[in-house]
Amino acid sequence: MNHSIKRPMSQKKTIISLAKNGVGAFVFPCRKIEFTYCERSGSSRGMIGYLKTRLIPFARKNPQIEIVVTPRPSKHPFVRGLYLNGREKGISVRNKTPEEIVETVNLIRDNTGFKNNKRFKKPVISTTPSVRGIWSPFNTQPHKI
C-alpha cells in the first residue's frame with residue numbers, strides 16, 4: 001500500500017524561517033540612539049567634541065541603529081537608547097569627556113533594554129529564632145479578664 005500523496009506544484013508547503021537571536025541572523029535590540037546637547041553650555045563640551053569627531057565613525061560601524069542628534073538649549077547633554085521591546089534607557093553625560101561618552105554610547109548600544117530583575121538569588125532565611133519571639137496581635141494590648 002502506497003501512503004504517499006503526490007501534490008501538484010501549487011500546493012507545496014513553503015518553509016518560512018522566523019528571526020530569532022542566536023539562530024541565523026542577529027537582530028540588534030537597540031534600534032535608535034538619541035543625542036541631545038546645548039550649543040552654549042559648558043557641560044556639553046564633551047558631547048560636542050564627541051559629535052564632531054566620533055559620531056560619524058560610530059554610525060558607519062552600526063548602520064542598523066538610527067542616530068538622532070537634537071540641540072536642546074539650556075539643558076544638560078543626554079544620551080537615550082530606544083529598544084525593540086519598547087523600553088528606553090537614558091544616561092546623562094554632563095561634564096564628561098568624549099572618551100567617557102564613547103563608553104556610555106557602547107553601553108547603551110550593547111544593552112538589551114530589559115530590566116535586571118535578578119537582584120537576590122535566594123531569600124534570606126534565619127537559622128536562629130528571634131530574641132523577642134514571634135509577633136502576635138495580643139502583644140500590643142494587655143489582656144483584660
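Contact here means heavy atoms within 4.5 Å. Helices (H or I, at least four residues) and strands (E, at least two) are DSSP runs, numbered from the N terminus. The model is a predicted one, so to speak of local features takes a pLDDT of at least 70 and side-chain atom pairs count only at pLDDT 80 or more, while totals for chains, interfaces and linings use all residues. Residues are numbered from 1 along each chain as its sequence is written, and side-chain values use heavy atoms, with hydrogens and water left out.

Helix 1 (45-53) is a handy place to start. G46, M47, Y50 and L51 are buried there, where buried means under 20% relative accessible area, exposed over 50%, and partly exposed in between (1.4 Å probe, protein chains only). These four cover an arc of only 135 degrees around the axis, so they sit on the same side of helix 1; the arc is that of the directions from the helix axis to the C-beta atoms. Over on the other side, R45, K52 and T53 are exposed. The cover over the buried residues of helix 1 includes strand 1, helix 2, strand 2, strand 3 and helix 3.

A nonpolar core is a set of buried Ala, Val, Leu, Ile, Met, Phe, Trp, Tyr and Cys residues joined through side-chain atoms within 4.5 Å. The largest one has 17 residues, and I33, F35, M47, Y50, L51, V79 and V105 touch the most other members. At least two residues each come from strand 1 (30-37), helix 1, helix 2 (55-61), strand 3 and helix 3 (98-110), with strand 1 giving the most, four residues.

Strand 3 (residues 78-83) runs antiparallel to strand 4 (residues 88-92), and five bridges join the two; strands pair if DSSP finds at least two bridges between them. R80 stands opposite G90 in strand 4. Four residues lie between the strands of this hairpin, in which G86 takes a positive phi near 95 degrees.

V93, in the loop between strand 4 and helix 3, counts as buried because its relative accessibility is 0%. Its contacts beyond four places in sequence include M47, F78, V79 and I101. The C-alpha atoms of V93 and F78 are 5.6 Å apart, although 15 residues separate them along the chain. N62, in the loop between helix 2 and strand 2 (66-71), is buried too, with a relative accessible area of 6%. A polar atom of the N62 side chain lies 3.0 Å from the backbone oxygen of F58.

How values were computed
Polar contact = N/O pair within 3.5 Å; in protein donor to acceptor, adjacent residues only side chain to side chain.
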